[in-house]
Amino acid sequence: MSFQLIWWRCGQPQDWCSFDCKWISTVQTRGVYVIWYAEQPSKIVQVGQGVIGERLRAHQSDPEILLYAARALKVSWAAADDESMSGIENYLASALDPLIATARQVASPIKVNLPWDVSQT
């Protein structure tokens, strides 16, 4: 069983959101997020959870993440309920192997679709 998340995109025609965009710090959605750079080969920088705007605002000044800023970082997020967020984050961290690892919560991984899965509506 896997959860189907709706991953956020920005602009037209539905481009990925730029990590350095100022308005993302106002997003009040609670859920999970993925930060990556798309240059080849693309790499996942970090995954996380919480109030999206608060977490991304903190990351926008995080020296560890800013090491990758010259690579035009992208971000996407999806709403998730509080009971599922830790399991989803654990799945994303395991599946995507981010460059910056964070301490994982004790929760069984919950499989979800990834931001770039074509089956997303």
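This briefing goes through the disulfide, the aromatic pairs, the sheet and one proline of the structure above. The model is a predicted one, and a search of the whole structure finds 1 disulfide as well as 5 aromatic pairs.

- The link of C10 and C17 is right-handed, with an angle of 85° about the S-S bond.
- Both partners can be described by their accessibility: C10 counts as buried because its relative accessibility is 14%, and C17 is buried too, with a relative accessible area of 1%.
- C21 has its closest cysteine sulfur in C10, but the distance is 6.2 Å, which is too far for a bond, given that a disulfide requires sulfur atoms within 2.5 Å.

**Aromatic rings**

- The search of the whole structure finds 5 aromatic pairs, and in one of them the rings of W36 and W116 have their centres 5.2 Å apart and their planes at 70°, so this pair is edge-to-face.
- Because W36 belongs to strand β2 (residues 30–37) while W116 belongs to the segment after α3 (82–96), the pair ties together parts of the chain that are 80 residues apart in sequence.
- W36 counts as buried, at 5% relative accessibility, whereas W116 is partly exposed, with a relative accessible area of 34%.
- Y37 and Y68 form an aromatic pair that is stacked, with 6.2 Å from centre to centre and 20° between the planes.
- This pair of tyrosines also links distant parts of the chain, since Y37 lies in strand β2 and Y68 in the loop between α2 (63–66) and β4 (73–79), 31 residues apart.
- Y37 is buried, and its relative accessible area is 5%.
- Ring pairs also link W8, W23 and W77 into a cluster.
- A charged side chain is placed over another ring: R9 lies over the face of W16, at 3.6 Å from the ring centre.

**The sheet and the helix across it**

- As a general point, strands of a sheet pair through backbone hydrogen bonds, and the pairing can be either parallel or antiparallel.
- Between β2 and β3 the pairing runs in the antiparallel sense over 8 bridges, and the bridge partner of Y37 in β3 is K43.

**A proline after the helix**

- P98 lies in the segment after α3, and P98 is buried, with a relative accessible area of 13%.
- Leaving out residues up to four places away in sequence, P98 touches I44, V45, Q46, V47 and A93.
- P98 and A58 are 40 residues apart in sequence, and their C-alpha atoms are 18 Å apart in space.

Technical notes:
Residues numbered from 1 in each chain as written. Heavy atoms only, no water. Buried < 20%, exposed > 50% of the residue type's maximum accessible area, 1.4 Å probe, protein only. Phe/Tyr/Trp six-rings, centres within 6.5 Å; stacked < 30°, edge-to-face > 60°. Helix = DSSP H or I, 4+ residues; strand = E, 2+ residues; numbered from the N terminus. Lys NZ or Arg CZ within 6 Å of the ring centre and 35° of its normal. Pairing = 2+ DSSP bridges. Contact = heavy atoms within 4.5 Å.
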